[in-house]
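Me: I'd like to learn how to read helix packing and charged pairs in a model. Can you walk me through it?

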Amino acid sequence: MTKNSKIAIVITAAGSSTRMGGGKKEYLPFKNGTVLSVCAGTFYKACHKNFQITDFIITCPQNGKEKCQEVLKADKEIDFPLSIVEGGASRQESVFKGLLAIKGKPELVLIHDGARPFVSEELIQKGIELAFEYGASVPGLTPVETQKRINSQGFIEEHLVRSSLVSVQTPQTFNYEKLLQAHKAAAHENKEYTDDTEVWAKYNKPGLVKVYPGDVNNIKITYPADLEKL
């Protein structure tokens with residue numbers, strides 16, 4: 001890992017924000033811009049001095065490029081090149097389209113939710129460091145509450161050990177070529193996965209992803225009550 005190391009960034013913002021009850025969460029006002037622009041700015045600050053950013057991709061809703069550009073340009077701190085790519089019907093498809101849009105042959109790619117504007121530069125940098133070492137990394141938090149597995153009738157069938165569980169966040173950082181090939185295989189088989197670590201694990205052997213401490217402040221804006229944190 002050197003200053004000549006090449007990375008790409010994909011920030012996903014192609015969702016419809018249906019649980020917000022109106023309005024697209026990534027486009028909400030935040031600081032001197034929007035949730036999405038602040039998110040993009042943090043990634044640029046965290047990466048541009050130490051790595052070559054070959055591609056910086058933002059995925060947007062279908063027929064939504066113009067609006068996405070407007071949202072980003074409203075923030076004066078967004079003075080670096082970005083590529084806006086229309087996403088798909090699912091997050092997985094949107095990430096795949098973002099990966100396909102990368103042209104610069106990076107070593108690593110960072111995938112991040114555009115609705116996580118509180119991500120820190122330190123969290124991003126740690127993920128890159130570990131992905132160079134292990135091939136893939138993800139921040140995770142140990143659940144605060146006791147976890148149980150239930151059956152289809154709603155009864156507890158297994159008492160899980162909380163210390164061995166994590167709730168994962170983004171950015172999720174991977175060897176670019178291996179993640180791209182994994183997404184191609186998933187698309188070919190028409191299979192849907194919950195996140196990119198699952199796609200990685202399914203189509204790479206042994207498919208291990210290094211987990212490092214996440215950040216309780218790195219929340220994903222999902223419901224109207226989350227707006228109080230902005």
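This is a predicted model: local features need pLDDT of at least 70, side-chain atom pairs count only at pLDDT 80 or more; totals for chains, interfaces and linings use all residues.

Me: At what angle do H3 and H5 pack?

Reply: Start with the two axes. Helix H3 (residues 91-100) and helix H5 (residues 176-189) pack at about 130°, and their axes are 10 Å apart. That angle is why H3 and H5 count as oblique to each other. The crossing of H3 past H5 is left-handed.

Me: Which residues make the contact?

Reply: On the H3 side they are Gln92, Val95, Phe96, Leu99 and Leu100. H5 brings Tyr176, Leu179, Leu180, His183, Lys184, Ala186 and Ala187. By class, that gives nine nonpolar, two polar and one charged residues.

Me: Okay, on to charges. How many salt bridges does a search of the whole structure find?

Reply: The general idea is that side chains of opposite charge can pair when their charged atoms come close. Here the search turns up ten salt bridges. In one of them, lysine 24 pairs with glutamate 26, with the closest N and O atoms 2.9 Å apart.

Me: Is lysine 24 buried or exposed?

Reply: Buried means under 20% relative accessible area. Lysine 24 has 14%, so lysine 24 is buried, and glutamate 26 is buried too, at 5%. Now look at glutamate 158 and arginine 149, whose closest N and O atoms are 2.9 Å apart in their salt bridge. Glutamate 158 is partly exposed at 35%, and arginine 149 is partly exposed at 41%.

Me: Which residues are linked in a network of salt bridges?

Reply: Arg91, Asp113, Arg116 and Asp196. Within that group, arginine 116 and aspartate 113 have their closest N and O atoms 3.0 Å apart.

Definitions and conventions. Residues are numbered from 1 along each chain as its sequence is written. Side-chain values use heavy atoms; hydrogens and water are left out. Axes are lines fitted to C-alpha atoms, for helices over the stretch in contact, and angles run from 0 to 180 degrees between N-to-C directions. Helices (H or I, at least four residues) and strands (E, at least two) are DSSP runs, numbered from the N terminus. Angles under 35 degrees count as roughly parallel, over 145 as roughly antiparallel, 65 to 115 as roughly perpendicular and the rest as oblique. A crossing is left-handed if the near helix is turned anticlockwise from the far one by less than a right angle, and right-handed if clockwise. Contact means heavy atoms within 4.5 Å. Ala, Val, Leu, Ile, Met, Phe, Trp, Tyr, Cys and Pro count as nonpolar, Asp, Glu, Lys and Arg as charged, and the others, Gly among them, as polar. A salt bridge is a side-chain nitrogen of Lys or Arg within 4 Å of a carboxyl oxygen of Asp or Glu. Buried means under 20% relative accessible area, exposed over 50%, partly exposed in between (1.4 Å probe, protein chains only).
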